[in-house]
Amino acid sequence: MVGKVKFFLRNIPLSFRGGTITMRRRLLAFQLILTLTILSGTMLLLSVTGMFSREATDSEKFLGNELYYLSESVESQFGKASALAVRLSESLSAGIEDQLKAQDLTVTDLKTNPEILHGLVEDQLPSLIHALDGTDCTGAFFALDATVGPDLPGAKYSKAGLYIRNNEPSANGGNADWQLLLRGSSELATKGELYMQSKWDLEYDVENCRFWSEPLAAYQANPSLPASRLVYWCPEGALRNLDENTMTCSVPLIGNDGRAFGVCGFEVSQMNFMLRHNSSNSGKYPRMALLLANNGDGGLMMDTALLAGNATVYGTLPKGTLLKTAGADKGLTCYSILGGGSFIGLSANIRLYPDDSPFASQSFTAAAIVPKADFDAAKNASSFRIALLLFALMAVGIVASVILSMRYAKPITDKLMSEADDGLPEKTNILEIDLIIDKIREQRSKDTPLPDDLFGDFIARIGTLTQTERKIFRHYAAGKSVDEILSFMYISMSTLKTHNGHIYAKLGITSKDELTLYAELIKKSGLEDRLL
């Protein structure tokens with residue numbers, strides 16, 4: 001009988017029976033729980049710190065920087081053009097008046113003396129070229145309120161003047177190798193000073209042209225305002241049917257007598273805008289577009305907008321329609337276009353006029369936008385990278401848990417399975433386990449063997465149990481938990497405790513562990529069917 005008890009004590013800690021979990025599995029479970037806890041904490045930390053929405057934040061910062069530099073650059077270029085347009089107006093007005101004065105004429109005589117217009121206009125060419133070379137613009141022009149053919153059809157809207165453009169617009173605008181002639185006498189081209197452009201015409205057609213009508217009307221309504229307050233930026237350009245969008249800055253030409261007799265100014269073309277304001281940091285969003293547009297009803301007027309950025313975007317931007325605001329996405333503005341397609345970005349109002357200008361209510365907007373599909377792709381890629389990183393960490397944690405549990409538990413189990421001379425496991429070098437082994441050796445040294453009749457006395461006492469107590473004892477012997485016994489027996493916890501007290505008293509034991517030990521001995525003795 002003592003040999004059976006020793007065999008049981010030696011093997012039951014290393015087995016997996018009756019719901020017992022091995023040391024290795026316990027260690028593995030603990031390490032996996034620790035790994036999952038760390039990952040959960042990492043995910044919570046990433047969520048609290050905004051890492052999952054970082055792509056939107058980074059995009060907002062990126063587009064914000066692009067918009068800032070675009071706004072600063074536009075206001076600088078257009079502000080400089082406005083100031084130089086005022087200076088050009090003063091220079092041309094003084095020069096034209098001096099020439100008229102030499103012929104005993106005034107600006108009021110321009111309409112009645114068409115024969116002087118040819119030479120008068122040509123004489124202003126050096127001043128116009130010099131003014132253009134000092135700007136960041138594409139072209140320079142002036143138009144007089146007079147025509148060389150007052151008796152011809154359409155003479156009411158035909159205006160004499162000059163319009164020149166740089167041959168290849170650059171980021172710096174002026175100082176081109178040569179200029180193109182778009183308005184003015186063809187003799188200027190034959191003399192070799194200018195080259196005629198395919199859109200050339202002798203005079204301007206100013207019918208329904210705001211670059212002409214708006215500044216003159218503003219001066220008539222506000223004759224006391226200086227020229228610096230009468231600068232007008234026309235989003236439609238001064239010439240019709242050009243191959244690209246342009247914006248024109250025009251200022252009235254004002255005589256000494258206070259009469260306005262024409263307009264002058266500069267042009268910023270689409271090509272000039274693209275070269276000057278193109279982003280140097282478009283790697284994050286290769287299809288980003290930067291634009292300057294006039295504000296319309298609920299959106300940006302794309303038919304007259306100037307654009308910079310990736311040319312592939314231009315095909316999706318509508319002509320003659322609005323780029324409409326369509327909500328927001330984490331600090332960014334969403335835009336939609338007619339016929340589908342959407343963009344996301346940021347925009348800011350651009351001040352081209354002082355507060356006391358008659359045109360102060362006219363607003364322009366600078367915007368940095370990217371296709372919504374590109375933004376969503378970048379956001380999904382960022383989330384995928386984070387998810388992939390977490391998955392990799394989880395995989396590393398699981399593999400490390402398995403390896404560590406094997407390396408930690410195997411030496412211990414090997415030691416426990418081995419036997420010293422006294423039949424007990426060898427030293428494991430694990431403090432707690434070695435203390436238990438030493439305690440067993442100490443108990444053995446007292447030479448107090450288990451009485452031979454102890455087991456027989458316990459078996460005899462089983463006969464004193466009632467039918468209910470025997471059923472409860474059988475459940476304990478089968479390894480059932482307290483909750484399972486309560487369910488099987490249909491009794492309350494207090495009733496079970498009462499029965500436990502009776503069972504312990506009748507069997508002469510003091511704990512459930514002792515009860516389970518005797519039950520195992522009964523099974524090993526082959527008495528299970530008779531007694532349990």
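Begin by selecting helix α7, residues 210-221, in this predicted model: the helix lies across β1, β7, β8 and β9, and α7 runs at about 130 degrees to β9.

Seven strands make up an open sheet with mixed pairing, and their order is β5-β4-β3-β1-β9-β8-β7. The edges are formed by β5 (195-201) and β7 (232-234), each of which pairs on one side only, and from one strand to the next the twist averages 25 degrees.

To follow its pairing with β1 (residues 139-144), which is antiparallel and extends over 6 bridges, select alanine 140 together with phenylalanine 266 of β9, which stand opposite one another, and then phenylalanine 141, whose bridge partner in β9 is glycine 265. With β8 (residues 246-254), strand β9 again pairs in the antiparallel sense, here over 9 bridges. The hairpin of β8 and β9 has 5 residues between the strands, and glycine 258 in this hairpin takes a positive phi near 85 degrees.

Stay with β8 and select threonine 246, which has its place in that strand and stands opposite serine 269 in β9. Is threonine 246 buried or exposed? Its relative accessible area is 5%, and threonine 246 is therefore buried, the cut-off for that class being under 20%. If you display its contacts while leaving aside neighbours within four places in sequence, you will find Arg165, Cys234, Pro235, Glu236, Gly237, Glu267, Val268, Ser269 and Leu306.

From there, move to leucine 88, which is found in helix α3, residues 54-102. Leucine 88 counts as buried, at 4% relative accessibility. Not counting residues up to four places away in sequence, leucine 88 touches Phe141, Cys264, Gly265 and Phe266, as well as Ser127, Leu128 and Ala131.

Then select helix α15, residues 493-507. At 1.5 Å a residue, its 15 residues should span 21 Å, and the C-alpha atoms at its ends are 21 Å apart, which agrees. Which residues of α15 are buried? They are Leu496, His499, Asn500, Ile503, Tyr504 and Leu507. Turn the view to look down the axis of α15, and the buried residues fall within an arc of 135 degrees, so they line one face of the helix. In general, an α-helix has 3.6 residues a turn, so residues three or four places apart point the same way. On the other side of α15, Lys497 and Ala505 are exposed, and just after the helix, glycine 508 takes a positive phi of about 75 degrees.

For the last stop, show helix α13 (residues 467-477) together with helix α16 (residues 512-524), which pack at an angle of about 80 degrees with their axes 9 Å apart. That angle makes α13 roughly perpendicular to α16, since 65 to 115 degrees is the range for that description. To see where the two helices meet, display the side chains of Phe473, Tyr476 and Ala477 in α13 and, facing them in α16, those of Lys512, Leu515, Ala519, Ile522 and Lys523.

Methods: Residues numbered from 1 in each chain as written. Predicted model: local features only at pLDDT ≥ 70, side-chain atom pairs only at ≥ 80, totals over all residues. Heavy atoms only, no water. Pairing = 2+ DSSP bridges. Helix = DSSP H or I, 4+ residues; strand = E, 2+ residues; numbered from the N terminus. Expected span 1.5 Å × (residues − 1). Buried < 20%, exposed > 50% of the residue type's maximum accessible area, 1.4 Å probe, protein only. Arc of directions from axis to C-beta. Axes fitted to C-alpha atoms, helices over the stretch in contact; angles between N-to-C directions. Parallel < 35°, antiparallel > 145°, perpendicular 65-115°, else oblique. Contact = heavy atoms within 4.5 Å.
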